[in-house]
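Take a look at the model below.

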Amino acid sequence: MTENDFLSRTNSKTVENGSVTWQSPSNIALVKYWGKKENQVPANPSVSFTLDHCKTTTTLKFHKRESPAAKDEEFDFEFYFEGKKKEDFKPKISTFFKRIENYCPYLREYHLEISSENSFPHSSGIASSASGMSALALCLMSLEKEFDPEITNEYFNKKASFLARLGSGSACRSIEGSLIEWGEHADLSDSSDLYAIKYPYKVDAVFQKFQDTILLVDKGQKQVSSTVGHNLMHGHPFAEARFQQAHDNLHNLKPIFATGDLNAFMNLVESEALTLHAMMMSSNPYFILMKPNTMEIINKIWEFREATALPVCFTLDAGANVHVLYPEKNKVEILEFIKNELVAYCENGQYICDQIGNGAKKL
Ligand code: DP6
């Protein structure tokens with residue numbers, strides 16, 4: 001499919017007003033998206049587990065205006081976060097609306113009231129852009145479906161992923177569950193830079209209900225925004241090798257997913273996480289986003305794995321928090337280890353127990 005397939009068809013129905021609510025999860029990348037081209041096109045393919053408990057709930061109320069907002073006017077919307085009007089979140093949503101307006105021309109025809117809340121603390125350092133932008137994209141698709149009830153579920157999800165990507169790249173991987181791929185890759189003929197797809201090959205049962213315990217090491221403001229971060233890959237001395245490595249890792253994951261080879265899985269996932277941070281350390285300007293406690297946790301995980309041979313590994317986002325990944329069948333002993341040995345390194349002892357989920361839900 002190309003961008004043109006996502007242009008809206010002419011409205012056959014008039015919709016005066018209404019309301020819709022979606023709940024959409026966050027996701028955690030195993031092969032990382034880091035680096036992008038114009039129009040939110042990723043520099044390399046990525047793959048992620050959709051999460052279950054970390055999610056954003058968004059309600060969109062729409063009311064038809066007497067006449068559409070003119071092209072040079074602002075979009076007509078209000079944004080509420082956890083019940084309070086938030087002016088400072090509006091520019092990000094405005095940018096999103098500008099990027100998608102060709103695909104959602106109806107945006108100018110409505111007064112929109114967007115109300116969002118997260119299941120996780122806002123200042124936890126957990127990126128809410130994936131769950132937030134995907135929830136909003138899904139709400140817009142529900143509005144679009146009111147004009148055009150013939151839209152199939154497949155098109156609905158694809159276009160929701162396409163729109164979410166234009167809000168935040170990783171958000172396109174938050175529409176469905178449970179293992180999601182985004183970005184063109186030679187092994188996946190249906191893969192696209194424009195939207196994410198469900199990983200189409202065999203996935204061993206061990207990866208179902210995989211656990212992700214998120215250790216909140218540093219809840220502070222992000223030191224580097226994702227836009228600045230992705231830009232660091234332009235002219236980065238190792239960029240091409242890194243992009244190739246992501247292609248290779250996705251290729252290498254195919255037999256790992258199929259057979260449930262946990263040792264190979266842990267090796268690849270940890271290498272991806274450390275490479276992401278290595279890219280930030282070796283760019284200019286350079287950043288170290290790990291904190292001393294991030295390193296303490298990583299070392300503890302390695303010692304524990306060495307001593308017990310239990311399949312537990314970590315991954316990182318562009319921040320200091322650690323995602324501890326392990327199969328459900330080892331949950332009891334690994335959670336015990338986390339509580340006894342790792343929680344001490346979390347800010348205020350805070351952590352979130354999550355697991356692989358099935359994607360967004362309409363409420
Ligand atoms: C490190 O999706 O937040 O989490 O497209 O600029 O909104 P934008 O970036 P964003 O980048 C996420 C980067 C990452 C890795 C990943 O999720 O693949």
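Lys64 and Glu109 form a salt bridge, with their closest N and O atoms 3.4 Å apart. This pair links distant parts of the chain: Lys64 belongs to strand S4, while Glu109 sits in the loop between helix H1 (90–100) and S7, 45 residues apart. Lys64 is partly exposed, at 26% relative accessibility. The model is predicted.

A search of the whole structure finds 11 salt bridges.

| Pair | N to O distance |
|---|---|
| Lys64 and Glu109 | 3.4 Å |
| Lys61 and Glu113 | 3.9 Å |
| Lys158 and Glu154 | 3.3 Å |

The bridge between Lys61 and Glu113 also joins distant parts of the chain: Lys61 is in strand S4 (residues 46–64), Glu113 in strand S7 (residues 110–118), 52 residues apart. Lys61 counts as partly exposed because its relative accessibility is 42%. Glu113 is partly exposed too, at 22%.

Lys158 and Glu154 share helix H3 (residues 153–167), where they are 4 residues apart, about one turn of the helix. Glu154 is exposed, with a relative accessible area of 57%. Elsewhere, a network of salt bridges links Arg65, Glu73 and Asp76.

Now the sheet. It is open, has 4 strands in the order S11-S12-S10-S13, and its pairing is antiparallel. Which strands form the edges? They are S11 (313–316) and S13 (351–355), each pairing on one side only. S11 pairs with strand S12 (residues 322–326) over 4 bridges. Within S12, His323 stands opposite Thr315. Helix H7 (residues 292–308) packs on the sheet and touches S10, S11 and S12. Helix H8 (residues 331–342) also packs on the sheet, touching S10, S12 and S13.

Note on methods
Residues numbered from 1 in each chain as written. Predicted model: local features only at pLDDT ≥ 70, side-chain atom pairs only at ≥ 80, totals over all residues. Heavy atoms only, no water. Pairing = 2+ DSSP bridges. Helix = DSSP H or I, 4+ residues; strand = E, 2+ residues; numbered from the N terminus. Contact = heavy atoms within 4.5 Å. Axes fitted to C-alpha atoms, helices over the stretch in contact; angles between N-to-C directions. Salt bridge = Lys/Arg side-chain N within 4 Å of Asp/Glu carboxyl O. Buried < 20%, exposed > 50% of the residue type's maximum accessible area, 1.4 Å probe, protein only.
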